[in-house]
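Please look over the sequence and the model below before reading on. The paragraphs that follow go through a few parts of it in turn.

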Amino acid sequence: MAFQPTPADISVAITTPMTSSSAEPRLLTERRITPTWSVSQLKGKLETMTGVPPGSQRLLLKSPGHPDQWIEGDDTIIGNWGLMKGSEIEVHDTRPQSARPNFTDLSSVEKYVLPTSTYESLSNSVLAWKKNQKLGRFDPSALTPEESIRQQSEKDAAEIQQRVGFANFRPENSQTCALKPKISNDRMYVGIAVDKRAIVLPSSPPHIRRGTIRFVGPVPTIPFPGVDPKKVQLDSEALPIWIGIELDEPLGKNDGSVGGQRFFTCPNKTGVFVKPEKVEVGDFPPLELDDLDDEIMEEI
């Protein structure tokens with residue numbers, strides 16, 4: 001009996017059809033195929049790669065120098081279809097779209113959520129490390145969220161006081177002085193005050209981000225870093241100070257409102273809220289068109 005050599009495996013590209021939203025195949029991989037396999041055997045192996053059941057597969061063979069052809073007959077030998085190096089088998093799913101599982105949609109996949117009590121009991125977690133190192137809220141000297149906000153509020157008031165001074169300043173009651181002038185209607189700020197001209201720092205000549213101060217006071221809708229507003233309740237007198245400016249040019253972020261609450265009114269994209277240390281009050285009239293052109297050319 002003559003010796004029959006085993007046919008050498010052939011490397012074939014396995015793909016799935018292109019979708020309307022993408023110009024690339026959804027699947028592109030390479031598989032070594034034995035030419036003596038039946039088409040049924042090949043489909044069984046392709047199921048693990050494509051997720052398409054053998055009974056729903058329709059195979060399109062693309063070989064160099066040959067026209068594309070559909071592989072028919074599950075009992076036929078795949079090697080008889082002209083399989084060669086450089087060939088590609090495109091796996092088509094004959095099931096209707098509604099019957100195909102969506103493996104990319106994770107919304108319906110059940111997810112494991114570690115209970116808080118279990119996490120807090122672990123000795124090798126980030127939380128346990130923070131406890132051992134006394135970092136963050138485990139630092140005995142750390143400020144509470146309320147204290148952090150009040151400290152920032154006093155810092156903002158001190159910044160304005162240091163730069164321009166307060167009207168009606170009473171040394172015997174510095175805390176009241178630091179907190180009371182935050183309401184913009186009081187007009188108690190000297191220098192940084194509503195209707196005064198100002199530029200936003202940092203800035204360089206010709207100071208293109210210039211405009212008119214429209215608001216001075218707390219903005220509760222601007223979140224404070226690391227503080228959940230739902231858990232911390234403070235009156236407006238204890239909140240940080242913000243300066244609302246209507247810019248001359250549409251270089252801002254809003255129309256004078258933040259988080260659905262309005263603090264002043266201006267055209268969209270001309271309003272901006274900045275901290276007191278970012279504001280310089282002075283004689284800054286609106287720029288002429290030539291000045292704006294020069295600034296644009298410098299940026300280009």
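Leaving aside its neighbours within four places in sequence, which residues is Gln57 in contact with? They are Lys43, Leu46, Glu47, Thr50, Val52, Val91 and His92, where contact means heavy atoms within 4.5 Å. This is a predicted model, in which local features need pLDDT of at least 70 and side-chain atom pairs count only at pLDDT 80 or more, while totals for chains, interfaces and linings use all residues. Residues are numbered from 1 along each chain as its sequence is written, and side-chain values use heavy atoms, with hydrogens and water left out.

Gln57 belongs to strand E3; helices (H or I, at least four residues) and strands (E, at least two) are DSSP runs, numbered from the N terminus. With a relative accessible area of 5%, Gln57 is buried, a term that means under 20% relative accessible area, against over 50% for exposed and in between for partly exposed (1.4 Å probe, protein chains only). A polar atom of the Gln57 side chain lies 3.1 Å from the backbone oxygen of Lys43.

Buried in H1 are Val39, Leu42, Lys43, Leu46 and Thr50. These residues are on the same side of H1 because they cover an arc of only 100° around the axis, the arc being that of the directions from the helix axis to the C-beta atoms. An α-helix has 3.6 residues a turn, so residues three or four places apart point the same way. The buried residues of H1 pack against strands E1 (10-15), E2 (28-33), E3 (57-62), E4 (69-71) and E5 (88-93). After H1 comes Gly51, with a positive phi near 80°.

Ala238 counts as buried because its relative accessibility is 1%. Its C-alpha is separated by 6.2 Å from that of Ser153, 85 residues apart along the chain.

The protein chain has a mean pLDDT of 80, and 77% of its residues reach 70 or more. Over residues 165-190 the pLDDT is below 50, yet this stretch has 44 contacts in the model beyond near neighbours in sequence. Residues 296-300 also stay under 50, with zero contacts beyond four places in sequence. Where pLDDT is low, the predicted coordinates should not be read in detail.

Note on methods. pLDDT = per-residue confidence, 0-100. Polar contact = N/O pair within 3.5 Å; in protein donor to acceptor, adjacent residues only side chain to side chain.
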